[in-house]
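Student: I would like to learn how to read a model of this kind, one feature at a time. Can we begin once it is on the screen?

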Amino acid sequence: LLLEELLKTLAADRVPPDAAHIDAITELGPRAVSGAVLLRLARLSANAVQVARSIAVLGGGAELPVVAELAGLEPSAVAGATSELVHAEIVRPEPPLGFVHPLVQAAIYHDLAPGEREMHHERAARLLAARGAPNEEVAAHLLVIPARGEEWVVDVLRAAADAAVAKGDLDSAISFLRRA
């Protein structure tokens, strides 16, 4: 996908695919894939679009019940939408739920408007916290939502920082504590 779309974009933009133009090629790659992915996605059902966006927000390895709840769909509808996404070569066919390539996930994720993205992350954080997900998983979503001074958010971020310190991941701990 990347190679085909990159070559099409290079031809359309009249950029020679050689070492002298490597900076332009590097810049065009993600944009080329993004257009192709979003075009494929636009041809699918509304459920498939919602499921793809939910998986993009949750990240790789999302469980079907969590995707269903975030997407606001019944698990059977998610299963059907997932089948569409697999046939369109957007989502990989084997578990766990995830995209065929990180560039595909990035295209779908960045197609969400910033406010919409924040709302999805907030819903994902609340949903995962209610399901007893690890604090670090919940905190990853909390890092990208607006601060509102909610006590539960601070509690989760502090707990995630403690867990990160225990693992020796000081960079994550610092990020969680700054956000808290």
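Student: What share of the 180 residues in the protein chain is buried?
Tutor: This is a predicted model, and buried residues make up 39% of the 180 residues in its protein chain. The protein chain exposes about 9800 Å², and carbon and sulfur atoms supply 56% of that area.

Student: How many helices and strands does the protein chain have?
Tutor: There are 10 helices and 0 strands. Read along the sequence, the pattern is α-α-α-α-α-α-α-α-α-α. The C-alpha atoms fill a box of roughly 55 × 45 × 30 Å along the principal axes.

Student: What part of the contacts with a separation of 6 or more comes from residues 24 or more positions apart?
Tutor: Such residues account for 54% of those contacts in the protein chain.

Student: Where is Arg-14 found, and is it buried or exposed?
Tutor: Arg-14 is in the loop between helix H1 (2-12) and helix H2 (22-42). Its phi is positive, about 55°, although it is not a glycine. Arg-14 counts as exposed because its relative accessible area is 76%, over the 50% cut-off.

Student: Where does Glu-89 lie?
Tutor: Glu-89 lies in the loop between H5 and H6. It is not a glycine either, yet it has a positive phi of about 60°.

Student: Which residues does a cis peptide bond join?
Tutor: The cis bond joins Pro-95 and Pro-96, with omega about -5°. Pro-96 is found in the loop between H5 and helix H6 (102-111).

Student: Now the charged side chains. What is the general idea?
Tutor: Side chains of opposite charge can pair when their charged atoms come close. A search of the whole structure finds 9 salt bridges.

Student: How far apart are N and O in the salt bridge of Arg-92 and Glu-94?
Tutor: The N to O distance between these side chains is 3.8 Å. Arg-92 is partly exposed, with a relative accessible area of 23%. Glu-94 also counts as partly exposed, at 42% relative accessibility.

Student: Which residue forms a salt bridge with Glu-122?
Tutor: The partner of Glu-122 is Arg-148, and the closest N and O atoms are 2.7 Å apart. This pair links distant parts of the chain: Glu-122 is in helix H7, while Arg-148 is in the loop between helix H8 (135-142) and helix H9 (151-166), 26 residues apart.

Student: Why does Glu-122 count as buried?
Tutor: Its relative accessibility is 13%, and buried means under 20%, so Glu-122 counts as buried.

Student: Which residue forms a salt bridge with Arg-126?
Tutor: Arg-126 pairs with Glu-150, with the closest N and O atoms 2.9 Å apart. Arg-126 lies in helix H7 and Glu-150 in the loop between H8 and H9, so the pair ties together parts that are 24 residues apart in sequence. Both residues count as partly exposed: Arg-126 at 37% relative accessibility and Glu-150 at 24%.

Student: Which residues are linked in a network of salt bridges?
Tutor: The network links Glu-122, Arg-126, Arg-148 and Glu-150.

Student: What about rings? How many aromatic pairs are there?
Tutor: The count of aromatic pairs is 0. A charge does sit over a ring, however: Arg-117 lies over the face of Tyr-109, at 5.2 Å from the ring centre.

Student: Last, the surface. Which residues make a nonpolar surface patch?
Tutor: Val-165, Leu-170 and Ile-174 make a nonpolar patch of about 260 Å². Leu-170 is found in helix H10 (residues 170-179). With a relative accessible area of 51%, Leu-170 is exposed.

Notes
Residues are numbered from 1 along each chain as its sequence is written. This is a predicted model: local features need pLDDT of at least 70, side-chain atom pairs count only at pLDDT 80 or more; totals for chains, interfaces and linings use all residues. Side-chain values use heavy atoms; hydrogens and water are left out. Patches are made of residues with over 30% relative accessible area and no salt bridge: like charges are joined within 9 Å, nonpolar side chains (Val, Leu, Ile, Met, Phe, Trp, Tyr) within 5 Å. Accessible areas come from the Shrake-Rupley method with a 1.4 Å probe; for residues, only the protein chains shown count as cover. A salt bridge is a side-chain nitrogen of Lys or Arg within 4 Å of a carboxyl oxygen of Asp or Glu. Helices (H or I, at least four residues) and strands (E, at least two) are DSSP runs, numbered from the N terminus. Buried means under 20% relative accessible area, exposed over 50%, partly exposed in between (1.4 Å probe, protein chains only). Rings of Phe, Tyr and Trp (its six-membered ring) pair if their centres lie within 6.5 Å; planes under 30 degrees apart count as stacked, over 60 as edge-to-face and the rest as tilted. A charge sits over a ring if NZ of Lys or CZ of Arg is within 6 Å of the ring centre and within 35 degrees of the ring normal. Contact means heavy atoms within 4.5 Å.
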